[in-house]
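Hello,

Here is the structure to be handed over to you. My notes on it follow below.

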4 protein chains.
Amino acid sequence: MPDIDLKDATSFDWWTDVSIRFSDQDPNLHVNNTAFAVYAEAGRVDYLNAMRRHLGIEPRSALVSVQISYVNQLYYPGDVRVGTRLLRLGNTSYTLGQGLFAGDKVVATSEAVLVFFDYEKNASRQVPADLRQAFESGARLVPG
Amino acid sequence: MPDIDLKDATSFDWWTDVSIRFSDQDPNLHVNNTAFAVYAEAGRVDYLNAMRRHLGIEPRSALVSVQISYVNQLYYPGDVRVGTRLLRLGNTSYTLGQGLFAGDKVVATSEAVLVFFDYEKNASRQVPADLRQAFESGARLVPG
Amino acid sequence: MPDIDLKDATSFDWWTDVSIRFSDQDPNLHVNNTAFAVYAEAGRVDYLNAMRRHLGIEPRSALVSVQISYVNQLYYPGDVRVGTRLLRLGNTSYTLGQGLFAGDKVVATSEAVLVFFDYEKNASRQVPADLRQAFESGARLVPG
Amino acid sequence: MPDIDLKDATSFDWWTDVSIRFSDQDPNLHVNNTAFAVYAEAGRVDYLNAMRRHLGIEPRSALVSVQISYVNQLYYPGDVRVGTRLLRLGNTSYTLGQGLFAGDKVVATSEAVLVFFDYEKNASRQVPADLRQAFESGARLVPG
């Protein structure tokens, strides 16, 4: 797969809109950095739920790590548009890539590593074959 | 003014939509009660900003008290529609009434008492004459 | 029971310390009003857990309403001391009273109405006899 | 500098205690991943404020990126101990390394990249000479 530019809105087909709240702001008069983590999670969960609905894949996962790069300030009021896509696929783990946008302007990018997890067996699970096939069949996976 | 039923969506003309976030939930698998306070603030600030834009009134206020009544459970995902209206008007203070709705179903009502405040003089201000006139001229005030 | 002054720290025997976080602040350079709701909840849950441990009472409840009065500004950094006490006792419902303090200075008071709830039967429960006896035997109930 | 193990509490001399709040939890009955970002920020700001107080350095910075690795589940109630240290020092940027602990058990590590920033000139600043000297004089910098 060619390099994906998470700052480019055309990299994404799945979008989650999150309304910015007054209390997301901090004394620096912008949206606090930790609110970005909340927006990113809102996008991730929405994407994984779409995976369940549209691909019939049970996405129950454990979060391994989250990385957020802050590109531009974000201001109240307004909405954040969170683009989410599958970026990499391992044996049991996968990486979601995200771009956070205020209108057309990117404000942050994020990568999250997760492992498919079986909470009853308390163990990681193999990446579902359907997901691998869908992922490898094209440049991007679009749930829905 | 006749009694206003804050559980009735027709009591409101000004609406603020807030998207529910995954992290608004708590271990009881519903939206945590403190998130309702955040939604109510989002609606209040939006209403006061509309007052500034549409009535030319500077709404800078200090918050005296907030009361929230929980009527129904609220669940992720979805949006909360927050209706806000002016409920009472004193000499320096006023009360905003709110209804929080999930679709057509009321999930909470809220009343907030605020005082118009002059932060440079560190003192309360008289309710603006324009606002009193607008309020007393009809059953409801609609900014915008 | 004589009137209880929730602004008076001597009204409370049960205390919960909550550390103020940078992100609790808002653009007004003070702690946002919605963080007070979070502090109050932290105190309520801590008090109810103490009731379970020390009085053998199962406090599982549903929240009916929360009222917060803002008395003084609160600033980062520091701790909030939340005092919690049982204020009123009905047949199935009860009221917790709280005072929030920064050092010796009261910053807010709060009252929350809850009903003892049986989530399996989806119905309110009678106030436990042990709790009524303990409450009526003295001016205040001290779990622990 | 030898490799620093952020999972090892002995790597840190500066500690910030943060109390876990009921509302930090999510439907998975553990502390939500985004609360870790809030804890990490609480530690970073506390560390930078100590730098100001004890080293006379103005630490006003802009946040470039935050990375969090989730090592163990974290549960309510209790406190999180956040250890923070200077990890790397560039010309205008620096990296803070953090370990988050529940008692003796590491629950997460975090790295944050920041740039010293002059908000009046809207430009990055050189790392203060005092800070470089202090940093290069020993394996670790201890504000205070």
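**Core and contacts**

Leaving aside neighbours within four places in sequence, B:Leu100 is in contact with B:Phe36, B:Tyr39, B:Ala40, B:Val80, B:Val82, B:Val107 and B:Ala108. Please keep in mind that this is a predicted model.

B:Leu100 belongs to the largest nonpolar core, which has 64 residues. Together with B:Tyr39, C:Tyr39 and C:Leu100, B:Leu100 touches the most other members of that core. Another core, of 63 residues, lies apart from it; A:Val38, A:Ala40, A:Ala42 and D:Phe101 are among its residues.

Next, the contact between chains D and A. Each of the two gives 13 residues to it: 13 residues from chain D and 13 residues from chain A. On the side of chain D that touches chain A, α1 (33–55) and β2 (61–70) of chain D each supply at least two residues. β2(D) gives the most, with 8 residues. By class, that side of chain D has 7 nonpolar, 5 polar and 1 charged residues.

The strands also pair here: β2 (residues 61–70) of chain A and β2(D) run antiparallel and are joined by 5 bridges. Within this pairing, A:Gln67 stands opposite D:Gln67 in β2(D).

The same surface serves both copies, as 100% of the contact residues of chain D recur in chain C.

Regards

Notes. Residues numbered from 1 in each chain as written. Chains lettered and ligands numbered in written order. Predicted model: local features only at pLDDT ≥ 70, side-chain atom pairs only at ≥ 80, totals over all residues. Contact = placed C-beta atoms within 7 Å. Core = buried A, V, L, I, M, F, W, Y, C linked by C-beta atoms within 7 Å. Buried ≥ 20, exposed ≤ 12 C-beta atoms within 10 Å, placed from the backbone. Helix = DSSP H or I, 4+ residues; strand = E, 2+ residues; numbered from the N terminus. Nonpolar A, V, L, I, M, F, W, Y, C, P; charged D, E, K, R; others polar. Pairing = 2+ DSSP bridges.
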